[in-house]
Amino acid sequence: MRTPLVGAMALALLLVGTPAAPSRFDSASADRLSWSARQLGRQALPERDGWAAEGVGTTGGSAATPERTRVVHDRVGLVAALGGDNASNATDATPKLIYVAGTVDGFEGPDGTALSCADLADPAYRLDAYLAAYDPAVWGRVPPAGPLEDARVRSVANQTGQTQVNVGPNTTIVGLRGARLTGLTLMIDRASNAIVRNLTFVDARDCFPAWSPTDGDAGNWNSQYDQISVRRSEHVWVDHNTFTDGDNPDSAQPVYFGRPYQVHDGSLDVTHTASGVTASWNRFTGRDKLMLIGSSNTVGPDVGRLRVTVHHNLFDGVLQRLPRVRFGQVDVYNNLYRLGGDGFQYALGVGVQSAIYAENNFFALDAGVDPADLLYDWGGTALTERGSWVRQGGGPARPVDVLAAYNATHDPDLGADAGWTPTLRRDPVLPTPLVPLVVGPLAGADRLPL
């Protein structure tokens, strides 16, 4: 969105193909990693550490041979280390251990040149023409259709091929100090046994958002790309990462058709029957949509799936989906929430047939945020909520029954029993007053010993 237009010649080169730069991965340099980095890369998820520890547990690429242990520096190197062909890497089940050094940019072309949204656009797509054609005052409140919408869809396909990096089973991706993945999505789809640690994810922007005029009363722009998307997979551990939009926040986007032009989707979405996921010690900062668990409200394959543990994460200046849950048994404990601002919507979204168990979470709220607004009813009926503490504005921290506060101001009431009790917890639950002292300094990337 912020990059200048380059034109049809660059698009043609991209689609036809340019001579690829040498793949910047180095298996030899893996031998020169520090002892702590080598140990961290081989680490499996500890026993009982959340839903990803159920059954056989999560080992990622800990069994990778030296030939599949690589340090990567760019997108070409990352794709090569994952198997060599982004279109087929999702099926490469060979154990692989990948260290990321520096910044890997999803908008870097095969020859190392920077790509813009214009380079990825179909020749028939122009945003100004799209806005003129599908203005509700002209088109009405029906979904876009016709040549311009078709061109947008083709543009999305171009971007997906470029910025969505497919991860196969039995993979560990670890960031070395300062490692960043910018402008890309890690897609973990049908790729069980994956570990992602110590990375900063920045600005997974969508160049071609879709206008959805029937989404809500006024319509919405919807983007496609998460920073990490987990689909149809089991045994996934996402630990000590930082998720941000960097210098391209949603607040800086224009407004079209009276709605914000949304170029970002989720940070870590778990959908399409995925299950057995542990998200621990991550830092989510300055984002809108964070963690969607469950694809839709349709009763079907997601029932009995979507089992996720969310513990010791920092949600800092974020607005919604912390997480939002459908169907799954989701354990949410010992997280630190720093919430407020005009755009804040809710923390825990109680969706259809969801079973959230929220225990000993600490909420530091701006003075204008009511504890009753920490929950939102998306068609659910109950959750277990216990041990919450709230510090509001400059006041003292105090225990608050968040569910009771919600029920006192909303109808219908939510029940107080999610119908299950978590058993997969590695360590005893921290007393809630200790959560800010522990999670604040230790959550996020670059906190692990490397």
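Me: Let's start with Tyr-134: does this residue count as buried or exposed?
Reply: Happy to. In this predicted model, Tyr-134 has a relative accessibility of 2%, so it counts as buried, because the limit for that label is under 20%.

Me: Which residue forms an aromatic pair with Tyr-134?
Reply: For ring pairs, look at the distance between the centres and then at the angle between the planes. Tyr-134 pairs with Trp-139 in an edge-to-face arrangement, with 5.0 Å from centre to centre and 85° between the planes. Trp-139 itself is partly exposed, at 34% relative accessible area.

Me: And why is the pair of Tyr-376 and Trp-378 tilted?
Reply: Look at the angle again. Their planes meet at 45°, with the ring centres 4.6 Å apart, so this pair is tilted; an edge-to-face label would need over 60 degrees. Both partners are partly exposed: Tyr-376 at 38% relative accessibility, and Trp-378 with a relative accessible area of 29%.

Me: How many aromatic pairs does a search of the whole structure find?
Reply: The search finds 21. Ring pairs also link into a cluster, whose members include Tyr-134, Trp-139, Phe-208, Trp-211 and Tyr-261.

Me: Which charged end sits over the ring of Tyr-333?
Reply: That is Arg-425, at 4.3 Å from the ring centre. Another case is Arg-205, which lies over the face of Phe-107, 4.0 Å from the centre of that ring.

Me: Now the disulfide: which residues does it join?
Reply: The general idea is that a disulfide is a covalent bond between the sulfur atoms of two cysteines. The structure holds one, joining Cys-117 to Cys-207 with an S to S distance of 2.1 Å. It links distant parts of the chain, 90 residues apart: Cys-117 belongs to helix H4, while Cys-207 is in the loop between strands S10 and S11. The link is left-handed, with -70° about the S-S bond, and both cysteines are buried.

Me: Last one: where is the place of Gly-394?
Reply: Gly-394 is in the loop between strand S32 and strand S33. With a relative accessible area of 86%, Gly-394 is exposed.

Technical notes
Residues are numbered from 1 along each chain as its sequence is written. This is a predicted model: local features need pLDDT of at least 70, side-chain atom pairs count only at pLDDT 80 or more; totals for chains, interfaces and linings use all residues. Side-chain values use heavy atoms; hydrogens and water are left out. Helices (H or I, at least four residues) and strands (E, at least two) are DSSP runs, numbered from the N terminus. Buried means under 20% relative accessible area, exposed over 50%, partly exposed in between (1.4 Å probe, protein chains only). A disulfide is a pair of cysteine sulfur atoms within 2.5 Å. Rings of Phe, Tyr and Trp (its six-membered ring) pair if their centres lie within 6.5 Å; planes under 30 degrees apart count as stacked, over 60 as edge-to-face and the rest as tilted. A charge sits over a ring if NZ of Lys or CZ of Arg is within 6 Å of the ring centre and within 35 degrees of the ring normal.
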